[in-house]
Amino acid sequence: MIIDAPAGFGKTTLLRSVYKLLTSEQQAVAWLTLDTGDNDLDQFAYNLTQALQKMLLATRIFSEVVATEKSYEDLSQSTAGLLDAVIATALPFVLILDEFETLHSPAVLSLIQQTIDTLGTGQQIIIGARGKSLLNLARLRARQELLECDAIHLRFSLQETTEFLRDKRCLTLADPELKRLHEITDGWPAALWLASLALENNPDPRQFVETFSGSNSTIATYLAEDVLSQKPQYLQEFILQTSILQQFCIESCNAITGRDDSQRLLEEVERSNMFIAPLDEQRKWFSYHPLFSTFLRSQLEQKYPGLSRTLHRRASNWYLQQDRPIPAIDHAVLTQDKTLLLELLEQKAESLLLQGRVRLLARWFDTLKGTTLEGNQKLIFVYAWVLIHTNRSAEALALLEAVGSNDIADDVHSGSTKRMSYAASMALRTFSLVMLDRIEETAPIWEGAQVLQNDAYAPFLQTMLMIGCAYYYATIGRHQEARLALDRVTQQYSTGRSLFGGAVAGYMNSMLDMLQGKFRSAAARLHLLIGEQRPPGMGRYGADSGFSSLYLAEIYYETGMLDQARRLLKMYLPLVKEAGMPDHLIASHLIYVRILRAEGNGNDALQTLFDMEHLGLQRGLTRLVDMARIERARGAMLEQDLDTAKEMLALINPVSVNAHPDFQPIANDIDSPTLALLRMQIHSGQALGAVPLLKEHLGDAVRRGRVRYALRTKVLYAMAMGFASVQAESKGLALVKLAEALIEAQPENFVRIFQDEGPALLRLIEELLTALQNLPQGKLYATFTLRDQNVIRLFAEKIITAQNTSRSNPSEPKFEQVGPMGMDKSSRPATPKISGAVTEREREVLWLLAEGHGNQVIAEKLFVSVTTVRAHLRNINQKLNAHNRTEAIAIARRRAIIR
């Protein structure tokens with residue numbers, strides 16, 4: 001439900017009434033009032049988690065269901081996990097999001113959109129906003145699942161105006177006067193309320209109504225001024241002075257006004273029904289109605305010029321004493337005292353950076369333009385990180401160039417220099433270049449890496465040095481050294497010195513696992529990382545969990561679990577656009593495009609590639625543009641449109657000579673310019689020329705330890721050999737090479753590496769299957785044991801079956817899951833296709849359940865959350881009309897769903 005109306009139409013009042021009604025009926029309801037700070041994904045995630053926890057505590061049935069296997073406190077370690085848990089209960093609940101107009105972050109809006117899309121029967125989100133929301137609501141409208149309420153619905157009718165003024169406000173007004181007031185205000189509740197205040201002590205109501213006219217804005221100003229002027233002078237001053245506060249309580253009012261009787265004055269203001277609204281049930285915190293707060297502040301400046309800056313300074317000091325640095329700095333900005341702002345930033349900026357409040361910091365630092373930071377290396381360091389994390393890396397490099405740095409020797413021998421330390425400068429330079437996709441330029445920093453030998457650096461700097469070094473080492477194949485650097489970060493995390501780095505080290509170790517083809521290990525790390533407890537006060541943990549989820553989506557995709565991959569990518573693509581590195585951008589977009597294509601959504605896939613290309617051009621990321629065009633070329637080849645493929649490949653930049661001969665970007669594991677050009681040769685009838693080049697490229701990939709990339713290259717190599725073959729013997733060699741690739745891919749279930757090459761490779765796989773059946777044992781396949789031959793046959797059949805299923809119904813693809821990693825599904829007894837509503841994944845769950853596994857083990861084997869397993873079990877029980885697990889297994893066996 002969307003309640004969309006300008007200020008003063010009773011939107012929040014209506015939401016409060018709904019909330020009060022639902023809680024009185026013991027229904028599950030959570031309330032979250034949003035503000036601009038919620039545009040930080042991590043802050044929004046934290047606030048939403050708090051609201052959901054409160055709902056769980058207040059609703060016994062939810063607590064019991066959600067805590068079946070894990071306590072809700074454990075589930076709430078991840079907001080997505082807690083949301084999943086609440087939605088998966090299938091129990092009705094209501095989530096109220098007020099002040100929605102303050103949200104504009106794509107990442108936050110995506111999380112809300114994803115939640116809306118997964119709501120079940122009786123589960124509702126009610127949104128209150130002073131403008132059209134940025135959510136995509138077209139589908140909900142089409143399905144008639146959206147209730148919209150706007151100003152037209154909230155305006156008072158003449159009858160409601162009469163009831164309000166006569167019955168509620170006890171005013172004696174004649175019918176003509178009531179009608180005129182209604183017409184002038186157009187039923188605007190706020191104006192009618194203010195008019196009633198003005199009429200309370202007015203000796204001539206008729207004269208007031210006759211002379212009253214104007215638009216909504218002038219009505220508000222006129223009435224507010226009229227009502228305010230009727231109050232005693234001391235109360236007027238109190239209201240005007242406290243209007244500089246967004247929210248206020250007795251203590252904050254005392255602090256900024258210098259009074260000690262704010263409690264009495266607040267009670268007097270509240271009794272007069274004027275301007276003020278409570279923000280909590282305890283009525284400790286209040287705010288002035290947003291419609292009139294601007295008016296009050298302008299009145300303050302008009303009557304007492306310059307006083308607001310003094311009041312903001314007092315407010316800043318009070319919030320600082322309460323250990324609330326964000327409102328303290330916000331008020332410091334409004335004092336226009338840059339010395340005070342610098343002082344507070346020096347105290348609090350670094351801790352806020354560690355919490356991920358980069359957009360907030362950017363806003364504050366940007367107000368300092370024209371104010372030199374020279375000599376304040378601490379703030380320059382923080383500001384540079386803020387610029388990097390807000391896609392302003394070029395500005396960060398310019399800042400570093402302007403301030404200069406020590407050389408490495410000065411870091412050891414001088415602690416008083418006004419120049420930035422060598423280590424800090426190198427860490428910032430590295431990450432700036434990474435975000436600008438120029439990491440190869442950091443080679444001189446890390447070759448020898450003397451900077452890493454100093455253990456005296458601050459924890460955050462030490463962490464960033466290690467992570468920067470590890471990332472560079474990963475791109476040049478020095479995986480062992482990269483892991484050693486990450487181990488040092490993890491050791492700091494275990495001692496509490498580097499909370500931020502622990503999450504980054506975790507998903508970077510998973511990235512290294514993926515480069516080396518160890519997807520099971522990578523998935524286990526990522527599941528552990530995503531489920532770990534959020535460190536207290538560490539806001540960035542939510543974003544890092546998002547990047548972990550992107551790597552997990554990549555694993556899901558490569559192993560054929562497209563539904564799970566799509567869900568994660570839909571949720572986190574906006575995040576990666578905001579804060580991701582170029583490799584994150586490339587990998588997530590390419591995988592999402594391939595999922596869309598596999599589902600038959602070619603138009604959406606093409607639009608995503610156009611978006612990717614535009615983003616690359618906008619940010620000056622040439623590789624992003626090139627990879628979008630390479631993927632368009634790959635799609636054209638699959639559709640046998642070679643002219644378009646050639647056109648796209650002609651646009652990509654030639655591969656440059658890199659600083660290191662072994663340099664290869666991380667996202668190249670999905671595709672690369674070299675593979676794209678060689679693929680074009682194969683499809684253009686020049687496979688023979690591609691064979692030696694692919695053989696050399698394969699050897700190079702193996703030497704550099706890029707196992708996944710090597711496997712992808714070997715598949716293309718086998719296809720080139722198959723296309724180039726003229727004699728049966730050379731075709732046999734192609735089949736042998738393909739068989740080797742299948743054996744290597746089977747343990748990790750790398751099905752998409754084969755399926756992504758399209759029908760041409762699938763035909764070669766079919767030839768291999770035919771050859772395995774027809775050729776005498778030992779003639780051509782003597783190198784393969786009987787077990788290997790079984791692996792080849794079964795894995796090849798899985799790849800072909802899944803691809804044929806998707807091609808037969810592209811609008812509703814049903815990719816056969818190749819089974820949990822490490823569990824050979826083909827080794828189970830064959831089961832007939834089920835005719836009921838039980839899905840293939842639900843049959844997987846039943847099979848594992850019948851083997852005696854619990855929810856946690858099933859989740860680990862299927863690489864899903866425990867919440868998802870519980871949801872599958874509920875669906876299974878409903879479909880089989882079973883009351884428990886034992887009964888479900890028995891029914892499934894009786895119906896031959898499992899054996």
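**Entry 1: salt bridges**

A salt bridge here is a side-chain nitrogen of Lys or Arg within 4 Å of a carboxyl oxygen of Asp or Glu. I noted before going further that the model is a predicted one.

I looked up Lys348 and Asp323 and found a salt bridge between them, with the closest N and O atoms 3.9 Å apart. I then checked where the two residues sit: Lys348 belongs to helix α20 (residues 338-354), and Asp323 to the loop between α18 (307-321) and α19 (325-334). They are 25 residues apart, and the pair links distant parts of the chain. Asp323 has a relative accessible area of 55%, so I wrote it down as exposed.

I searched the whole structure as well and got 43 salt bridges.

**Entry 2: Arg708 and Glu558**

I found a salt bridge between Arg708 and Glu558, where the closest N and O atoms are 2.7 Å apart. Arg708 is in helix α39 (residues 707-724) and Glu558 in helix α31 (residues 541-558), so this pair ties together parts 150 residues apart in sequence. I looked up the burial of both: Arg708 is buried, and Glu558 is too.

Next I took Glu631, which forms a salt bridge with Arg597 at 3.0 Å between the closest N and O atoms. Because Glu631 lies in helix α35 and Arg597 in helix α33 (residues 582-598), the pair ties together parts that are 34 residues apart in sequence. Is Glu631 buried or exposed? Its relative accessible area is 1%, so Glu631 is buried. Arg597, with 24%, is partly exposed.

**Entry 3: a charged patch**

I noted a patch of negative charge on the surface, where Glu639, Asp641, Asp643 and Glu647 gather. Asp641 is in the loop between α35 (622-638) and α36 (642-651). Its relative accessibility is 32%, so Asp641 counts as partly exposed.

**Entry 4: aromatic rings**

I counted 14 aromatic pairs in the structure. In one, the ring centres of Tyr19 and Trp31 are 5.7 Å apart and the planes stand at 80°, so I recorded the pair as edge-to-face. Tyr19 is in helix α1 (residues 11-24) and Trp31 in strand β2 (residues 29-33), so the pair ties together parts 12 residues apart in sequence. Tyr19 counts as buried at 17% relative accessibility, while Trp31 counts as partly exposed at 21%.

Phe365 and Tyr383 form a stacked pair, 4.8 Å centre to centre with 20° between the planes. Last, I noted one aromatic cluster formed by Phe248, Phe286 and Tyr288.

Conventions:
Residues are numbered from 1 along each chain as its sequence is written. This is a predicted model: local features need pLDDT of at least 70, side-chain atom pairs count only at pLDDT 80 or more; totals for chains, interfaces and linings use all residues. Side-chain values use heavy atoms; hydrogens and water are left out. Patches are made of residues with over 30% relative accessible area and no salt bridge: like charges are joined within 9 Å, nonpolar side chains (Val, Leu, Ile, Met, Phe, Trp, Tyr) within 5 Å. Accessible areas come from the Shrake-Rupley method with a 1.4 Å probe; for residues, only the protein chains shown count as cover. Lys and Arg count as positive and Asp and Glu as negative; His and the chain ends are not counted. The place of a charge is taken as NZ of Lys, CZ of Arg, CG of Asp or CD of Glu. Helices (H or I, at least four residues) and strands (E, at least two) are DSSP runs, numbered from the N terminus. Buried means under 20% relative accessible area, exposed over 50%, partly exposed in between (1.4 Å probe, protein chains only). Rings of Phe, Tyr and Trp (its six-membered ring) pair if their centres lie within 6.5 Å; planes under 30 degrees apart count as stacked, over 60 as edge-to-face and the rest as tilted.
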